[in-house]
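Student: I have a chain to go through and would like to work from the fold down to single residues. Can we take it step by step?

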Amino acid sequence: GEAAGGVSSLLSGFSIEVTVKGASSVPSFSQILPRGTKVFIASLADTSQADMAALCQRLVSEGMVPVPHVAARGIKSNEALEAILKGYADAGVSQVLVISGDVKTPVGPFTSAIDALRTGLFTKFGIQHVNVAGHPEGSASIPDVMKAVVDKVAWAEEAGVGMDIITQVCFDAGTIVDYMKSLREGGVKNRVRVGVAGPVKISNLMKLAGTLGIGPSSQLLLSQPGLVAQVAAMNDSNMLVAALADSPLGKGELGGVDVHVYSFGGIQTAAEW
């Protein structure tokens with residue numbers, strides 16, 4: 001009925017996230033994802049740039065749009081950023097996700113995503129679209145999350161670059177809708193890709209909560225094991241997406257919105273979902 005229609009329209013332009021390791025178990029992306037799907041590639045500490053670029057090239061050849069993560073705090077110098085972006089340009093990349101990254105102390109000159117963006121290197125290497133992170137539940141490492149987004153949006157407008165905001169996983173539809181409202185009220189009209197967890201085992205989710213900046217709604221669990229059963233229900237992304245589809249966000253009242261699937265439980269499972 002109408003609810004299913006809302007869900008399918010919300011999911012129609014979905015993007016998905018993979019790791020280099022996860023991608024190695026996929027025989028062909030074109031068999032599990034619609035042509036032209038944006039496939040974000042997580043930049044993990046143990047993943048080499050060469051492997052990231054090779055996966056980008058493979059995704060292009062399989063009809064996908066690769067969107068590698070660029071984690072600013074982990075980059076040693078302007079030259080190092082230039083080398084990364086040249087590698088991506090050679091692999092056919094025109095979109096990236098620029099984040100601060102998990103490193104507490106920057107290894108080079110970039111303390112946040114905006115520092116890296118302001119080098120001018122992204123446009124120099126043909127990047128036409130930059131995605132940035134949104135934090136519906138706030139962030140321990142970013143004092144003013146709204147200002148951080150507004151600064152990046154201003155940079156994109158000046159640079160003539162497209163920009164989407166990819167939100168971190170949040171399990172509460174109300175929090176996500178409030179975040180969208182505050183963006184729109186703050187003058188941010190950019191498309192928002194709402195981060196949802198693909199099907200995942202609770203044990204995996206707990207391991208990931210610390211590393212992926214998943215917000216307070218899942219950190220609670222770490223301190224209260226009794227909640228795990230509730231989370232099994234709460235982590236039903238179908239319910240979250242249905243609630244979003246039924247909200248002002250899903251009804252198109254809050255501007256452009258899509259869903260971004262974090263494939264914690266494996267890319268195949270998430271793609272099938």
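Student: How many helices and strands does the chain have?
Tutor: This is a predicted model. The chain has 273 residues, and 49% of them are buried. Its secondary structure comes to 14 helices and 8 strands.

Student: What share of the contacts with a separation of 6 or more is between residues 24 or more positions apart?
Tutor: A contact here is a pair with heavy atoms within 4.5 Å. Among the contacts in the chain with a separation of 6 or more, residues 24 or more positions apart account for 80%.

Student: Which residue of strand 6 is the bridge partner of Val 132?
Tutor: Strand 5 covers residues 129–134 and strand 6 covers residues 162–167. The two run parallel and are joined by 6 bridges. In strand 6, the partner of Val 132 is Ile 165.

Student: Are helix 9 and helix 13 parallel or oblique to each other?
Tutor: The axes of helix 9 (residues 173–185) and helix 13 (residues 237–245) come within 9 Å and cross at roughly 45 degrees. An angle under 35 degrees would count as roughly parallel, and one of 65 to 115 as roughly perpendicular. The two helices are therefore oblique.

Student: How many residues of the contact of helix 9 with helix 13 are nonpolar?
Tutor: Helix 9 passes helix 13 in a right-handed crossing. Ala 173, Ile 176 and Val 177 of helix 9 make the contact with Leu 240, Ala 243 and Leu 244 of helix 13. No polar and no charged residues are found in this contact, and the nonpolar ones number 6.

Student: Does Leu 44 count as buried or partly exposed?
Tutor: Leu 44 lies in the loop between strand 2 (38–41) and helix 4 (49–61). Buried would require under 20% relative accessible area, and exposed over 50%. Because its relative accessibility is 39%, Leu 44 counts as partly exposed.

Conventions
Residues numbered from 1 in each chain as written. Predicted model: local features only at pLDDT ≥ 70, side-chain atom pairs only at ≥ 80, totals over all residues. Heavy atoms only, no water. Axes fitted to C-alpha atoms, helices over the stretch in contact; angles between N-to-C directions. Helix = DSSP H or I, 4+ residues; strand = E, 2+ residues; numbered from the N terminus. Parallel < 35°, antiparallel > 145°, perpendicular 65-115°, else oblique. Left-handed = near helix turned anticlockwise from the far one by under 90°. Nonpolar A, V, L, I, M, F, W, Y, C, P; charged D, E, K, R; others polar. Pairing = 2+ DSSP bridges. Buried < 20%, exposed > 50% of the residue type's maximum accessible area, 1.4 Å probe, protein only.
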